[in-house]
Amino acid sequence: MRKFKIGILGLLLAVSFATSCSRLRAPSDDAITTDIKAKMFSEPMLKNASVDVSTHGGVVTLTGQVPDDSAHLAAFKIATEEKGVSKVNDQISVAIAQATPDLGVPAAAAREPESKAPSRRRSPAERRAKGRELAPASGPAPASEPAPASPPAPAAAGLKAAPPPPQPITVTVAADTIVTVRTIDSIDSKTNHAGELFKASLDAPIVVDNRVIVPAGAYTYVKLVEARSAGHVTGRSELGLELSSIAFQGKTYGVVSSDVKETGASRGKQTATRVGAGAALGETRLDFTLQQPVDTTYTPGKHSPRNSSAGQTPSDQQP
């Protein structure tokens with residue numbers, strides 16, 4: 001009986017010690033916030049950004065403004081990969097410069113009035129002769145007729161009112177939609193680990209009802225969910241990836257997609273003594289299938305820096 005009590009006491013002490021260790025290993029909200037801010041301060045793309053970070057219960061909230069989509073994704077990646085973060089609430093806005101419309105003021109309206117030629121000073125003889133010409137004849141002066149009213153000046157031609165700006169449109173991208181991306185960052189099962197995010201871009205536009213909703217070239221992030229290397233035994237190295245988010249026109253949309261697996265070459269017994277080979281991706285085209293619908297809001301004709309380089313913008317035209 002005494003041994004049983006001692007065993008129970010030892011078990012309780014072990015559980016208490018494990019709980020204490022887990023609490024010590026989990027960083028506090030303040031530590032998470034401080035570490036994320038420090039990493040953002042060291043990131044060159046966030047040099048001109050103004051991002052505020054707050055953490056509550058492991059949930060990180062990002063607010064503020066960044067200059068472009070690249071800085072936006074850099075901030076999102078830093079927060080997502082921070083240890084102890086369970087979720088990132090992304091509320092960052094992207095500053096996109098808008099072109100000033102040309103009102104087309106005609107050259108006639110902008111032309112300055114011509115200056116009159118200076119008058120010549122008359123001699124005394126000319127002034128006396130001019131006075132005799134202007135002297136009134138005898139008799140009553142005729143009644144002067146009223147001058148006709150001048151017609152109203154016509155409106156300046158060529159001035160047109162600026163068209164109203166396009167309004168944002170919300171469209172739902174349905175589940176089972178195939179999203180094709182091309183990876184930008186290299187991924188290797190030997191050096192990378194599950195949970196890391198990697199930059200990619202849309203290789204084909206997302207189209208709904210024959211309308212381009214998200215253009216090709218928009219930034220995306222893929223998440224590594226499995227990284228298995230063949231190592232020193234027989235088997236195959238493997239990478240498992242899923243689409244994590246899509247960013248365009250200053251907003252980031254989290255998505256839930258199917259997994260895509262990339263398998264490397266198998267290892268035979270003759271290669272068991274070599275260094276383990278891993279599955280690797282460079283610039284690779286990947287097809288993901290959305291498992292949940294995504295509500296997107298876009299403004300037709302509005303350019304972002306990434307979309308401009310791709311030569312496409314969301315529009316109401318057929319792709």
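Tutor: Gladly! Let's start with a term: a cavity is a set of grid points where a 1.4 Å probe fits but cannot get out. Keep in mind that this is a predicted model.

Student: What is the general idea behind the probe?

Tutor: Rolling a probe the size of a water molecule over the atoms shows where empty space is left.

Student: What volume does the largest cavity have here?

Tutor: Its volume is about 60 Å³. The structure holds one cavity of 30 Å³ or more.

Student: Which residues line the largest cavity?

Tutor: Among them are V173, I206, F248, Y253 and T296. The lining comprises nine nonpolar residues, one polar and no charged. Strands β11 (235-248) and β16 (294-298) each supply at least two of the lining residues.

Student: Now to helices. How are two packed helices described?

Tutor: By the angle between their axes and the distance between the axes. Here, helix α2 (residues 29-42) and helix α3 (residues 69-80) have axes that come within 10 Å and cross at roughly 145°. The crossing of α2 and α3 is right-handed.

Student: Which residues of α2 and α3 meet?

Tutor: From α2 come I36, K39 and M40, and they meet A75, I78 and A79 of α3. That contact has five nonpolar residues, no polar and one charged.

Student: Is G217 buried or exposed?

Tutor: G217 counts as buried because its relative accessibility is 11%, and the cut-off for buried is under 20%. G217 and L202 are 15 residues apart in sequence, yet their C-alpha atoms are 5.0 Å apart in space.

Key
Residues are numbered from 1 along each chain as its sequence is written. This is a predicted model: local features need pLDDT of at least 70, side-chain atom pairs count only at pLDDT 80 or more; totals for chains, interfaces and linings use all residues. Side-chain values use heavy atoms; hydrogens and water are left out. Axes are lines fitted to C-alpha atoms, for helices over the stretch in contact, and angles run from 0 to 180 degrees between N-to-C directions. Helices (H or I, at least four residues) and strands (E, at least two) are DSSP runs, numbered from the N terminus. A crossing is left-handed if the near helix is turned anticlockwise from the far one by less than a right angle, and right-handed if clockwise. Contact means heavy atoms within 4.5 Å. Ala, Val, Leu, Ile, Met, Phe, Trp, Tyr, Cys and Pro count as nonpolar, Asp, Glu, Lys and Arg as charged, and the others, Gly among them, as polar. Buried means under 20% relative accessible area, exposed over 50%, partly exposed in between (1.4 Å probe, protein chains only). On a 1 Å grid over the protein atoms alone, a cavity is a set of points where a 1.4 Å probe fits but cannot get out, and a pocket is an open set with protein on both sides within 12 Å along at least five of seven lines; lining residues have an atom within 4 Å of a point. Grid points are joined across faces, edges and corners, and a volume is the space filled by probe spheres set on the points.
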